[in-house]
Amino acid sequence: MAGHLLKVSSLATAVFATSGFYLYNRQLNLNDLSVIRFGRAATTTVLISFDYITAFKHVEYDTEEYWALKSKVHLRSAERLRDLCCANRGTFIKVGQHLGALDYLLPEEYTSTLKVLHSQAPQSSMEEIQQVIREDLGKELSELFVSFEVEPQGAASLAQVHKAVLHDGRTVAIKVQHPKVQRQSSRDIVIMEVMLKAVHWIFPNFAFMWLVEEAKKNLPLELDFLNEGHNAEKVANMLAHFTFLKVPLIHWDLSTKRILTMEFVEGGHINDRNYMKQHGINVNEISENLGKIYSEMIFVHGFVHCDPHPGNVLVRKCPRSKKTEIALLDHGLYQVLQPDFRLDYCRLWQALIKGDMSGVERYSLRLGAGDLYALFACVVTSRSWTAVNAGITSAPVTRSEDVEIRNNATQYLPQISELLNRVPRQMLLLLKTNDLLRGIETTLQTRASSSSFINMSRCCVRAMARHKRSKAGCWGRHIQITLAESLDLWRLTMYELFLWVSGSPLGRWLTALLPFLH
């Protein structure tokens, strides 16, 4: 305890001494934003660390009082972290949103508190928006648009979106980057890196440096809106066979690295059950189609939209066809999966769906989990080890299982941190994507549905067959692989038909009738 306190006091002294020396030498005003951001981050880090060190001094471990107190400390710390993100904005909110999505990796107090960051993103003033447009497009708003709504449609950590009408009458959405984000982002990442290293020094079991590594790699891509436009076009072409998917068209003549102009798409958030009810949209159909989109991205193409939080996925009735559509927005963050990684991930999911424990161990090892393969299987599926062993397709998700998973997340946090530092970097964004998708499924009450596993299985079968055909040396082998693929897909279709009949009124009537036929 004394050693921990000495470390915290040494850290606090070093932080404030360094800040004072920096201010004195650079002769910066106290209101200089970068210095203030560093001071806030340092103060929050010291307060959270001190709280965890001192709060449990007089409480016996593993008692009811201990766990109640630990929950309070988690909540206090999460609120401090949330307040820091809201105060520093930009990159801090982006990372905070990422943490809020890690439902099965962090205590509930953190995830539930940080989830509000999706609705508390900062807004730039209209003067700032006009300045960015003037600098990047070289014209005034009136020269570009007939009308431009002052109130943004939505504000996020890096940008905000306004609705406008072009001179030819088309309605567009204009995504404009917050003017200070580009300049602050690299400094913010350095601040986070310093703070996380300090926390790791005080608490050696805390190993979340992967967060900074991911931010370093992904933030420059997310800040380049031309890259986002290219991603949108690529995924629209890649998934053109899904008629229920809507990706907004890009207006390249009105787009730059800081401005993205696209077709305006209206709809309700994918977690808004009331909107779906009012517009006659089938919740199960939406959940199934979302699963199809992501299974295709992950297993077949290895090009994955990694930010499917509800604000980026809309549902609507198409104005022309009146069919239900899913509109996918915000294409700034994609993960490109390496072929070997993608195929091993396919094989892992096939093993999980079949309940093949030797396969689960084998492919978890190949994906870098090592001796933590059991924990890895639980993290990937968001299921308990009991459910994984029983077969995730046969064991329904229960409230008690969710509670067990959350309790285990707290208990095994050091092992989870080690696992996340051990697996390939591309796995981290996949885990984030999985958590966001499961959050949507939980809200829609469609988690672990049989249709989602069937769609995943179809994509895995197709991906493995495509890989085998690429290695086949003769036409005979090509035909053999294609026939085997067709047979596997037919079996899945028959199984899906069986499940549909079993769940229909006719199936229930036949089931009730069977005992009388014996």
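Start with helix α15, residues 373–381. In this predicted model, seven of its nine residues are buried, so α15 is largely enclosed by the rest of the structure. The buried ones are L375, F376, A377, C378, V379, V380 and T381. What lies over them? The cover includes α13, α14 (357–366), α16 (385–390), α18 and α19 (425–444). Just past the end of α15 comes S382, with a positive phi of about 55°.

Now look at how α15 packs against two of those helices. Two packed helices are described by the angle between their axes and the distance between the axes. Take α18 as one partner, residues 413–422. The axes of α15 and α18 come within 11 Å and cross at roughly 85°. An angle from 65 to 115 degrees counts as roughly perpendicular, and α15 and α18 are therefore roughly perpendicular to each other. On the α15 side, the residues that meet α18 are L375, F376 and V379. On the α18 side they are Q415, I416 and L419. By class, this contact holds five nonpolar residues, one polar residue and no charged ones.

An α-helix has 3.6 residues a turn, so residues three or four places apart point the same way. Keep that spacing in mind while reading the contact lists.

Next comes α13, which covers residues 339–354. Its axis and that of α15 come within 12 Å and cross at roughly 90°. That makes α13 roughly perpendicular to α15. Which residues meet here? From α13 come Y345, L348, W349 and L352. From α15 come F376, A377, V380 and T381. By class, the contact has seven nonpolar residues, one polar residue and no charged residues.

The largest nonpolar core has 114 residues. Which members touch the most others? They are M297, Y345 and W349. Setting aside neighbours within four places in sequence, M297 is in contact with V235, M238, L239, G302, F303, V304, H305, L328 and Y334.

E140 pairs with R134, and their closest N and O atoms are 2.8 Å apart. E140 is partly exposed, with a value of 34%. R134 is partly exposed too, at 32%. R170 forms a salt bridge with D168, with the closest N and O atoms 2.6 Å apart. At 44% relative accessibility, R170 also counts as partly exposed.

Salt bridges can also join into a network. Here D51, R76 and R80 are linked in that way.

Notes:
Residues are numbered from 1 along each chain as its sequence is written. This is a predicted model: local features need pLDDT of at least 70, side-chain atom pairs count only at pLDDT 80 or more; totals for chains, interfaces and linings use all residues. Side-chain values use heavy atoms; hydrogens and water are left out. A nonpolar core is a set of buried Ala, Val, Leu, Ile, Met, Phe, Trp, Tyr and Cys residues joined through side-chain atoms within 4.5 Å. Buried means under 20% relative accessible area, exposed over 50%, partly exposed in between (1.4 Å probe, protein chains only). Contact means heavy atoms within 4.5 Å. Axes are lines fitted to C-alpha atoms, for helices over the stretch in contact, and angles run from 0 to 180 degrees between N-to-C directions. Helices (H or I, at least four residues) and strands (E, at least two) are DSSP runs, numbered from the N terminus. Angles under 35 degrees count as roughly parallel, over 145 as roughly antiparallel, 65 to 115 as roughly perpendicular and the rest as oblique. Ala, Val, Leu, Ile, Met, Phe, Trp, Tyr, Cys and Pro count as nonpolar, Asp, Glu, Lys and Arg as charged, and the others, Gly among them, as polar. A salt bridge is a side-chain nitrogen of Lys or Arg within 4 Å of a carboxyl oxygen of Asp or Glu.
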